[in-house]
Structure formats: C-alpha cells, structure tokens
Amino acid sequence: MNVNEELHDIVRQLKTELEWAARTGMLIEDRRIESPAVAPVPSVPKRETASGSHSKQGMSLAEIREDLGDCTRCKLHQGRKNIVFGVGNQNAELMFIGEGPGADEDRSGEPFVGPAGQLLTKIIGAMGFKREDVYIANIVKCRPPKNRDPERDEIDACIGFLRAQIAAVQPKLIVCLGRPASQTLLETTTSSSRLRGQWKNFEGVDVMPTFHPSYLLRSPENKRFVWEDMQAVVKKLGRNLPKRS
Ligand code: SF4
C-alpha cells in the first residue's frame with residue numbers, strides 16, 4: 001500500500017468510526033458496557049448434522065416451539081433455567097443468529113438481553129430497525145456452562161430447530177454474530193476475521209457474518225468493521241440508513 005492509499009484508508013476508517021459514534025451514541029473506545037472475558041472459540045469442522053434435515057421445515061414458529069417442548073435432547077438441558085427459543089417478528093426480513101444464551105438470557109428466556117444484547121439492540125437501531133422488527137435466535141437454545149462454546153453434539157442436537165426457524169421466518173437476510181454461529185450455519189472452518197464482511201449464502205438466503213457484540217465489548221476498536229458490515233446489510237435490503245437526529 002503506498003502513502004496515498006494508506007492515507008485514504010485512515011480517512012475511511014475515521015469516517016466509519018465517527019458515523020458509528022454518531023448513530024449509536026458510543027465511541028469506539030467506549031467501555032461503559034462491561035462484559036466478562038470469553039475464551040476464543042474452537043473451529044467447527046465441516047460435517048453433516050444429525051438434526052440438520054428439513055424434517056421440521058414447513059412448521060410455524062409456534063409449532064417448532066411446541067415440538068421443542070421441555071427439551072432434553074442434549075446435555076445442555078441439565079444446567080439451564082430457561083430454553084431461549086428466539087424472539088422477534090415472525091415475518092422479519094432480517095434475522096440475527098448468535099451462538100447460545102448467556103446468564104442473563106438463561107434467566108430471562110430471551111436472547112441477547114445482557115450487555116452484548118444491549119449493544120446489539122443499539123446496532124439494530126442504528127440500522128433503522130427496532131428490535132421487534134427483526135428475529136433473533138441462537139445456534140443452541142440452552143446456556144452452555146460457564147459460557148463455553150457449544151459442543152458438536154449439542155449443535156447437532158439443536159441445529160434442526162434453528163433451521164426450522166429460518167424456514168418459518170423466511171428472512172431476506174441473515175447476520176451471523178461471531179465465529180460459532182458463522183461456522184456452524186455456513187459449515188466452514190474459516191476464521192471469523194476472514195469470514196466477516198463477506199457475503200455468503202445459506203439455502204438461498206444472503207448471509208453476512210460479522211463479529212459478536214460480546215467481542216466488540218472486549219475489543220471496541222473492531223466496532224467500525226461491524227458497522228461497515230451492517231451498512232452493507234442495510235444497502236442489500238434496499239433500505240437507507242435513518243437520518244441522524
Ligand atoms: Fe434441547 Fe437445544 Fe437445549 Fe440441547 S440446547 S437441550 S437440543 S433445546
């Protein structure tokens with residue numbers, strides 16, 4: 001990269017940071033929302049999943065929830081307080097998928113309500129949506145102990161329900177938050193830093209992998225990348241960013 005290109009890149013990054021700060025009310029280095037450290041996640045090998053079939057497809061969200069029942073299909077049921085099924089508009093054009101519930105979500109039964117969830121809600125708002133406009137779910141629906149990553153057998157047991165939720169909502173676009181969600185849905189072992197910002201496809205639906213909000217809480221300097229990804233999502237949906245007040 002020559003000097004002019006480097007300067008152009010620095011200006012572009014600064015513009016992105018200022019845009020982010022203006023729209024979310026959060027500076028890139030803002031650490032007002034604290035989050036516990038989360039260990040790096042292991043790669044998920046490419047493989048066919050046992051419950052990745054289409055057997056649950058064609059069901060409504062209510063039917064999928066009923067089918068899930070008081071699920072004991074994997075060992076994660078042992079420590080959970082609540083199943084965190086998913087929340088939002090059943091006809092949403094935009095769906096966000098994370099890896100699994102944390103402590104706050106386990107307590108409330110709703111995904112993304114803790115500090116990372118509050119940041120996600122800000123991001124959704126900055127994109128011109130309300131939280132209730134979109135649909136939010138996770139790869140696994142019960143909290144992994146000590147917030148560890150979901151294990152392969154747990155993902156295999158649970159992923160069929162997420163696939164069915166995607167089929168029921170029929171979003172125009174999916175945003176995968178973090179490596180476990182991105183690698184699982186896209187069946188790849190590519191790192192999240194290589195995946196993020198690159199358009200992918202899941203059964204005909206455009207997918208944008210990006211960083212998980214909990215990672216942004218630990219590494220706020222990466223918020224600008226997520227904001228770039230979300231700008232691309234808004235554009236792909238044929239929308240405009242809301243006018244700044
Ligand atoms: Fe059932 Fe999914 Fe919970 Fe495992 S994580 S017990 S498969 S709902």
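Guide: Before we look around, helices (H or I, at least four residues) and strands (E, at least two) are DSSP runs, numbered from the N terminus. The model is predicted, so local features need pLDDT of at least 70 and side-chain atom pairs count only at pLDDT 80 or more, while totals for chains, interfaces and linings use all residues. Residues are numbered from 1 along each chain as its sequence is written, and side-chain values use heavy atoms, with hydrogens and water left out.

Visitor: How many helices and strands are there in the protein chain?

Guide: Let's go by the DSSP runs just described. The protein chain has 9 helices and 6 strands.

Visitor: What percentage of the residues in the protein chain is buried?

Guide: Buried means under 20% relative accessible area, exposed over 50%, and partly exposed in between (1.4 Å probe, protein chains only). The protein chain has 245 residues, and the buried share is 49%.

Visitor: Among contacts between residues at least 6 apart in sequence, what percentage join residues at least 24 apart?

Guide: A contact here means heavy atoms within 4.5 Å. Of the contacts in the protein chain between residues at least 6 apart, the share joining residues at least 24 apart is 74%.

Visitor: How many of the residues of H6 are buried?

Guide: The buried list runs through Arg 179, Pro 180, Ala 181, Ser 182, Gln 183, Thr 184, Leu 185 and Leu 186. Their cover includes S2, H5, S4, helix H7 (192-195), strand S5 (200-202) and S6. H6 is mostly covered, and its buried residues come to 8 of 8.

Visitor: Which residue with a positive phi follows H6?

Guide: Step off the end of H6 and you meet a phi near 50 degrees. The residue there is Glu 187.

Visitor: Is Gln 170 buried or exposed?

Guide: Gln 170 is in the loop between H5 (152-169) and S4 (173-177). It has a positive phi of about 55 degrees although it is not a glycine. Its relative accessibility is 62%, so Gln 170 counts as exposed.

Visitor: Where is Asn 147 found?

Guide: Asn 147 is another non-glycine residue with a positive phi, near 60 degrees. Its relative accessible area is 27%, so it is partly exposed. Look for it in the loop between S3 (135-138) and H5.

Visitor: Is Lys 141 buried or exposed?

Guide: Lys 141 is in the loop between S3 and H5. Leaving aside neighbours within four places in sequence, its contacts include Leu 68, Phe 85, Cys 158 and Gln 165. With a relative accessibility of 1%, Lys 141 counts as buried.

Visitor: What is the relative accessibility of Gln 165?

Guide: Gln 165 lies in helix H5. Not counting residues up to four places away in sequence, it touches Leu 61, Met 95, Tyr 135 and Lys 141, among others. Gln 165 counts as buried, because its relative accessibility is 0%.

Visitor: How far apart in space are Val 205 and Pro 171?

Guide: Val 205 lies in S6 and is buried, with a relative accessible area of 13%. Leaving aside neighbours within four places, Val 205 is in contact with Pro 171, Lys 172, Leu 173, Ile 174 and Lys 200. Val 205 and Pro 171 are 34 residues apart in sequence, yet C-alpha to C-alpha they are separated by 7.3 Å.

Visitor: How many residues of the shell around the ligand are charged?

Guide: The shell holds residues with a heavy atom within 4 Å of the ligand, including Cys 71, Arg 73, His 77, Arg 80 and Lys 141. Ala, Val, Leu, Ile, Met, Phe, Trp, Tyr, Cys and Pro count as nonpolar, Asp, Glu, Lys and Arg as charged, and the others, Gly among them, as polar. The shell has 7 nonpolar residues and 1 polar, and the charged ones number 3.
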